[in-house]
Amino acid sequence: MNAHGTGNRLTDEERAAALKIADLLIEGFGWNATPQGGAYWNEVFHALRLLAVGSPEAGE
């Protein structure tokens, strides 16, 4: 069961995808050069990392 079903568990593939997206956020663009600003992207980055490692804060 994964996050798309009735449970909150992510598959290994979903965890790897979250980690890859987090890494791409760092490489992709300057966070402060966006309307959302650096704090927003930092929060998104950390939320993706939490999903990837399965922390309690991420609902795992």
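This is a predicted model: local features need pLDDT of at least 70, side-chain atom pairs count only at pLDDT 80 or more; totals for chains, interfaces and linings use all residues.
Trainee: How should I read a nonpolar core, and which residues make up the largest one here?

Mentor: In soluble globular proteins, nonpolar side chains tend to be buried together. In this chain the largest nonpolar core has eight residues: A18, A22, L25, W31, W41, F45, L48 and A52. Two elements, α1 (12–28) and α2 (38–53), each give two or more residues to this core. The largest share, four residues, comes from α2.

Trainee: What is A18 in contact with, once its neighbours within four places in sequence are left aside?

Mentor: With those neighbours left aside, A18 is in contact with L48, L51 and A52. For the chain as a whole, consider the contacts between residues at least 6 apart in sequence; 40% of these join residues at least 24 apart.

Trainee: Let us turn to α2. How many residues does α2 have, and what distance does α2 reach from its first C-alpha to its last?

Mentor: Helix α2 has 16 residues and reaches 23 Å between those two atoms, close to the 22 Å expected at 1.5 Å a residue. After α2 comes G54, whose phi is positive, near 75°.

Trainee: Which residues of α2 are buried, and why are they said to lie on the same side of α2?

Mentor: The buried residues of α2 are G38, W41, F45, L48 and A52. They are placed on the same side of α2 because they cover an arc of only 95° around the axis. These buried residues pack against α1. On the face of α2 turned away from its buried side are the exposed residues A39 and E43.

Trainee: How is a pair of aromatic rings to be described, and how many aromatic pairs does the count come to?

Mentor: A pair of aromatic rings is described by the distance of the centres and the angle of the planes. Here the count comes to three aromatic pairs. One of them is formed by F29 and W41; this pair is edge-to-face, with 5.2 Å centre to centre and 80° between the planes. The angle is over 60°, so the pair counts as edge-to-face. The pair links distant parts of the chain, with F29 in the loop between α1 and α2 and W41 in helix α2, 12 residues apart.

Trainee: How is the pair of W31 and F45 described?

Mentor: W31 and F45 form a tilted pair, 6.1 Å centre to centre with 45° between the planes. This pair also links distant parts of the chain: W31 is in the loop between α1 and α2, F45 is in helix α2, and they are 14 residues apart. W31 counts as buried because its relative accessibility is 18%. F45 likewise counts as buried, at 12% relative accessibility.

Trainee: Which residues form one aromatic cluster?

Mentor: The cluster consists of F29, Y40 and W41. Note that W41 also belongs to the largest nonpolar core.

Technical notes: Residues are numbered from 1 along each chain as its sequence is written. Side-chain values use heavy atoms; hydrogens and water are left out. A nonpolar core is a set of buried Ala, Val, Leu, Ile, Met, Phe, Trp, Tyr and Cys residues joined through side-chain atoms within 4.5 Å. Buried means under 20% relative accessible area, exposed over 50%, partly exposed in between (1.4 Å probe, protein chains only). Contact means heavy atoms within 4.5 Å. Rings of Phe, Tyr and Trp (its six-membered ring) pair if their centres lie within 6.5 Å; planes under 30 degrees apart count as stacked, over 60 as edge-to-face and the rest as tilted. The expected span of a helix is 1.5 Å times one less than its number of residues. The arc is that of the directions from the helix axis to the C-beta atoms.
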